[in-house]
Amino acid sequence: MAIRYPNGRRFTKQESQNKKLPSKELTYSNRGMTLEEDLNETNRYYLEKSIAVIHKKPTPVQIVQVDYPKRSAAVIKEAYFKQASTTDYNGVYKGRYLDFEAKETKNKTSFPLQNFHEHQIEHMKQVKNQNGIAFVILRFSLTDEIYLLDAKHLIEFYDQKELSRKSMRKLDIENFGFLIKIGYHPRIDYLRIIDSVYFQNES
């Protein structure tokens, strides 16, 4: 089966099998895990402990070619990933709807706004208009610093993109966002920040 990614690059089944996969033998001190892997592990912990129900949304796939070698079986021969229409994660916590995007960068002093798409910004605006909690989780991978930034601030920065603003300064993210300490279980306890920011006035 060949898979086409949004940039047009095609991968055959053999190529996919030959690609080196990230090691799963990781420890608390190992920085090899991607932000997505860390968040998925964190969300599994929240679910197992009945703390919250938060999942990563699957990326839509467009099937192009299907073969039917048997009546009862279908084999996908060619497909490609569509561009995600909203954000990466959503769920429910303490009766509130959560919706967020997760991104990482190797930049040391800024976070490129090109990492976000206009439809994602519009989606977060709509979530906030319905009193949902919308935010982004940003990782500076070289220093392994992770911040939670409310969508309000991302939207403000993004709206300035047409005025030659190409990125968010790390200083601004530090000022408006919240540093998430990396732990073990859960690894990225972002709900601790959610509690202090969005539920601080609740008993």
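Ile194 is found in helix 6, where helices (H or I, at least four residues) and strands (E, at least two) are DSSP runs numbered from the N terminus. This residue of the predicted model is buried, with a relative accessible area of 0%; buried means under 20% relative accessible area, exposed over 50% and partly exposed in between, with a 1.4 Å probe and protein chains only. Leaving out residues up to four places away in sequence, Ile194 touches Tyr93, Ile133, Phe135, Leu148 and Phe199, a contact being heavy atoms within 4.5 Å. The C-alpha atoms of Ile194 and Leu98 are separated by 9.6 Å, although the two residues stand 96 residues apart along the chain.

Residues are numbered from 1 along each chain as its sequence is written, and side-chain values use heavy atoms, with hydrogens and water left out. Because this is a predicted model, local features need pLDDT of at least 70 and side-chain atom pairs count only at pLDDT 80 or more, whereas totals for chains, interfaces and linings use all residues.

## The sheet and its helices

Six strands form an open sheet in the order 3-6-7-9-10-12, and their pairing is mixed; two strands pair if DSSP finds at least two bridges between them. Strand 3 (53-56) and strand 12 (178-180) stand at the edges with a single partner strand each, so one side of each has no neighbour in the sheet. On average, and with direction ignored, neighbouring strands of this sheet are turned by 25 degrees against each other; the axes are lines fitted to C-alpha atoms, for helices over the stretch in contact, and angles run from 0 to 180 degrees between N-to-C directions.

Strand 10 (residues 145-150) pairs with strand 12 in the antiparallel sense over three bridges, and Ile146 has Ile180 of strand 12 as its bridge partner. Helix 3 (residues 118-129) packs on the sheet, where it touches strand 7 (96-105), strand 9 (133-140) and strand 10, and its direction makes about 135 degrees with that of strand 9. Helix 6 (residues 190-198) also packs on the sheet, touching strand 3, strand 6 (89-93), strand 7, strand 9, strand 10 and strand 12, and its direction likewise makes about 135 degrees with that of strand 9.

## Nonpolar cores

A nonpolar core is a set of buried Ala, Val, Leu, Ile, Met, Phe, Trp, Tyr and Cys residues joined through side-chain atoms within 4.5 Å. In the largest such core, which has 23 residues, Leu39, Phe135, Tyr190, Leu191 and Ile194 touch the most other members. Helix 2, strand 6, strand 7, strand 9, strand 10 and helix 6 each supply at least two residues of this core, and the largest share, five residues, comes from helix 6. A second, separate core has 19 residues, including Val127, Val136, Ile155 and Met168.

For Leu191, the contacts beyond its neighbours within four places in sequence are Tyr46, Ile51, Ala52, Ile54, Tyr93 and Leu98.

## Aromatic pairs

Eleven aromatic pairs are found in a search of the whole structure; rings of Phe, Tyr and Trp (its six-membered ring) pair if their centres lie within 6.5 Å, and planes under 30 degrees apart count as stacked, over 60 as edge-to-face and the rest as tilted. Tyr89 and Phe100 form a stacked pair, with 4.9 Å from centre to centre and 10 degrees between the planes. Tyr89 lies in strand 6 and Phe100 in strand 7, so this pair ties together parts that are eleven residues apart in sequence.

Both Tyr89 and Phe100 are buried. These two residues belong to one aromatic cluster together with Tyr45, Tyr46, Phe135 and Tyr190.

Thr105 is found in strand 7 and is buried, with a relative accessible area of 8%. A polar atom of its side chain lies 3.1 Å from the backbone nitrogen of Asn107. Not counting residues up to four places away in sequence, Thr105 touches Ser110, Phe111, Pro112, Arg139, Phe140, Ser141 and Leu142.

Ser50, in the loop between helix 2 (35-48) and strand 3, has a positive phi of about 60 degrees although it is not a glycine, and Ser50 is exposed, with a relative accessible area of 67%. Lys94, in the loop between strand 6 and strand 7, also has a positive phi, near 50 degrees, without being a glycine, and counts as exposed at 52% relative accessibility. In the loop between strand 12 and helix 6 lies Pro186, which is joined to His185 by a cis peptide bond with omega of about -5 degrees.

Key:
Polar contact = N/O pair within 3.5 Å; in protein donor to acceptor, adjacent residues only side chain to side chain.
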